[in-house]
Amino acid sequence: MSLNRIILKNFFRNIRNYGLYIFALIFSVSLYFSFVLMSKDESAAEELSSSTLMSTGFLVGSVLLVIIIVTFVMFANSIFLKRRNTELALFQLIGLNRNKVFRILLQENAIIYFGSLVIGILLGFLLSRILLMVLLRVMQVELSVGLTFSMEAVLQTAVLFVVIFVLLLVQNFIFLKRTKLIDMITLNRTNESDSRRLGVGTILMGILGISMIAVGYYLSTALVDYIEWAIPLMFIVLGLVIIGTYITFKFSIAFILNMIRKSKKGHVNVTDVLSLTSIMFKMKSNAFLLTMISIVSALSVGLMSLSYITYYSTGSMVENSTPHDYIFEDAEGLSFYDDLLAREGIEHETFELPAMEYNVETKGAISADLELMDMDDSILMMMVVSDAHFESMDLGPNETVITGTSGVMQTFIDYSVNEPLTFTSGDYKHSLELADVQGQSILPSMVTFGFPTAIVDDSVYQEFSSNQSPEVEGEGVRTMYALDITGEDSMEIFNMMDQEENPYFDSQIENYTTQMQMFGMTMFVIAFVGFSFLLTSGCILYFKQVGESEDERGSYNVLRKLGFSQREITRGLSIKMIITFGIPLLIGLLHAYFAVNAGWFMFGTEMWTPMLIVMAVYTAFYSLFAILSLVYYKRVVRESLA
C-alpha cells in the first residue's frame, strides 16, 4: 500500500477524531477574521467622533487575540497528538520511519488546516456583520451595516494562520523527535497509586494555599488605606494569589475532597468514586492549566466588569461634570447663544449661578485623609452657593447641604449628617449643621475642579461674601453661565451651535456622545477578547473531558457489571462536571471580585449591578461547556454499556 493511500485511508478513518481539532481551527479563524474585518469597515469609522478610536481599539484587541489563538490552537494540537499516540506508534511498528510519519501528519494537517481556513473566513464574514451591529448599538451610533468584504483582511488572516501552521509543524516534529516509541504506546496510561496517600505535607500545603489567597484578598482591601505603597502591594497581592491558586489546585482541593471522602468512613458509592476520588488526582496533575484558566478568567471578568462599570456610569458621570445642557466661560458667551437659540425659535432656559470659594475644617461633619493626595487634610476647599437660586431648596440660617460628592476624591472623605461643619476664610469662621449629603452636582467640574459644593441660606451666603479674606476676594468667586434646552437636546441643535466662529462652550450631549463611543469601544474590545478566552478555555476543558471519557470507557462497563445502573453512573459524572468546571470558575470569580472591589471607584459610580451582570453572563456561557461535556460523557457511557 502506497504512503498516499495510507494517508487518505487514515484520514477518513479518523474523521471523527478530527472533529475537535477542526472545530478549534474553524473557531479560531472565524474569531480573528471577524475582528479584523470589522476594523476595516470605513463607513463605521467615519461615524465616530475620533478617527483613531476604532483603529486603536481593534489594534490592541487583535494583538491579544493573536496570543489567545496561538496558545489555543497549539494546545488543541497537543491534545490531538496525544489522542493519536498509539496510532502513530503502530505506524512505526509496521516499518514507517519518523520522517514518513511526519509526512502523514503534514499532509493531514494541510488538508484540515487550509480547509478550516476557508470555512472559518466564510463564517467570520457573517459573524463580523453581527458583531459590528452590536458594536454600533453599544456605541449608540445610528448606521446601517452593509455586506462589505476586505481582501486585506483575508490576506492578514491567511498570513497569521500560515505562521501558526508552521508552528504546528514544528510542534509535531518535536513531538515525534523527542517521544520514544514505548512512550507513545503508554502515554495515555495513568498510574495514580503513588499519589493516593495524602500525607502531612499535602495537608500543610493545602492550608498554605488557601491562606495565601486569603491574605492576598485582605491586602487588596487595604490598598486604599496604604495608597503610597499601592504598587508594591499590588505585586505582593498578585504573587500571593497566583501562587496560592496553584497550590490550591495542587494540594488544597485534594485535601478538602479527601476530608469529605474520609468523613464517609469507607461508605463510598459510585458517585464518590466517579467524582471525588477521580477529581482529587486529575486536578493535581492539571494544576498549572487550571491555575492559568482561573487567573485569566479573573483577569477577563475583572477587566470586563471595570469597563462595563465605566460604560454603565457614563450618564451619571457626564451629568456630574456637566450638570446643564450647555455651559459657557463668561456672560458674553451665554448672551450670544441665548440670542442664537431665540432667533432659531428653540425654547431654552438660562442660568447664572455665582459661587465663592471657602475652606472647611475636616472635623465634626467631615473627616478626610488627603495626605495621600499631597493635600492638607486639616482643611478642604469647597464652593458655596445660595439657596435663593433653587426653588426646591429652603434652608435655615444654621443649615447647609453638600452636593457633588461622587467621584474618586470621595473615597478619601467621609460625611456625618447633623454634625457641625465649619467654614473658614482667613480669620473668619462660621459653623453650620450638615443637614444632607447629595451626590448630584449643581456646578460643573470647570468651576468646582471636582470638589464638593455647599448650599447655604441666602443670608449666610451674603455674610460669607462680606467676610472673604483679602487673599481670595474676587479671585475666589466664580460664576456658572449655562442654559438648558426646553424638552430634550439633540445633535442638530449642537451642530447648529458648534461653529468655528462661535464662542467656546461645553456641551453635555457632546461629552456624552464622545464618552459613550470611547467607553463603548473599550468595553466591546475587552468583552470580545474576554469572551474569546472564555470560549477557548471552555473548549480546552471540554477537550480534556472528552479525552478522559474515552480513556475511562472500560471502567463504566466494569461498574455496570458490579451492579451500578446507568443513572447512578451519570449522576456521579454530573457531580464531576460541576466540580471540574465549577471550582476554576468560582476561584476566578472570587479573584475578580476582590480585584474590582479594590479600585472600582476610579472607573464609575456603581459597582454591584455591572459586575454581577458580567459575572452572570460569563457563568452562563462557561456552564455551556460543562453541559456539553456531560452530554458527551453520557454518550460514551451509553455506548460502553451497550
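In this predicted model, 33 aromatic pairs are present. One of them joins Phe35 and Phe58 in an edge-to-face arrangement, with 4.9 Å from centre to centre and 75 degrees between the planes. Elsewhere, Tyr326, Phe328, Phe336, Tyr337, Phe494 and Phe505 form one aromatic cluster.

The largest nonpolar core has 118 residues, and Leu88 and Phe161 are the ones that touch the most other members. Helix H18 (residues 508–551) supplies the largest share of this core, 16 residues. With residues up to four places away in sequence not counted, Leu88 touches Leu81, Val101, Leu105, Phe175, Leu176 and Met184.

Is Asn77 buried or exposed? Its relative accessibility is 1%, so Asn77 counts as buried, the limit being under 20%. The side chain of Asn77 has a polar partner in the side chain of Asn172, at 2.9 Å. Apart from neighbours within four places in sequence, Asn77 is in contact with Tyr21, Leu168, Gln171 and Asn172.

Leu276 sits in helix H11 (residues 270–285). With a relative accessible area of 8%, Leu276 is buried. Its contacts, leaving aside neighbours within four places in sequence, are Leu257, Ile260, Lys264, Thr271 and Ile579. For Leu276 and Ile260, the C-alpha atoms are 8.3 Å apart in space, while the residues are 16 apart in sequence.

Turning to charged pairs, the structure holds 9 salt bridges. In one of these, Glu357 meets Arg478, and the closest N and O atoms are 3.1 Å apart. This pair connects distant parts of the chain, with Glu357 in strand S2 (residues 348–361) and Arg478 in strand S10 (residues 477–485), 121 residues apart. Glu357 is partly exposed, at 22% relative accessible area.

Another salt bridge is formed by the side chains of Glu550 and Arg553, at 2.7 Å from N to O. Arg553 is partly exposed, with a relative accessible area of 22%. Glu639 and Arg635 also meet in a salt bridge through their side chains, at 3.1 Å from N to O. About one helical turn separates Glu639 and Arg635, because they are 4 residues apart in helix H21 (residues 608–641). Glu639 is partly exposed at 34% relative accessible area, and Arg635 is partly exposed at 26%. Through salt bridges that share partners, Glu550, Arg553, Arg635 and Glu639 are joined into one network.

A word on confidence remains. The average pLDDT of the protein is 87, and 92% of the residues score at least 70. Residues 190–196 have a pLDDT below 50, and this stretch has 5 contacts in the model beyond near neighbours in sequence. Where pLDDT is low, predicted coordinates should not be read in detail.

Methods. Residues numbered from 1 in each chain as written. Predicted model: local features only at pLDDT ≥ 70, side-chain atom pairs only at ≥ 80, totals over all residues. Heavy atoms only, no water. Phe/Tyr/Trp six-rings, centres within 6.5 Å; stacked < 30°, edge-to-face > 60°. Core = buried A, V, L, I, M, F, W, Y, C linked by side-chain atoms within 4.5 Å. Buried < 20%, exposed > 50% of the residue type's maximum accessible area, 1.4 Å probe, protein only. Helix = DSSP H or I, 4+ residues; strand = E, 2+ residues; numbered from the N terminus. Contact = heavy atoms within 4.5 Å. pLDDT = per-residue confidence, 0-100. Polar contact = N/O pair within 3.5 Å; in protein donor to acceptor, adjacent residues only side chain to side chain. Salt bridge = Lys/Arg side-chain N within 4 Å of Asp/Glu carboxyl O.
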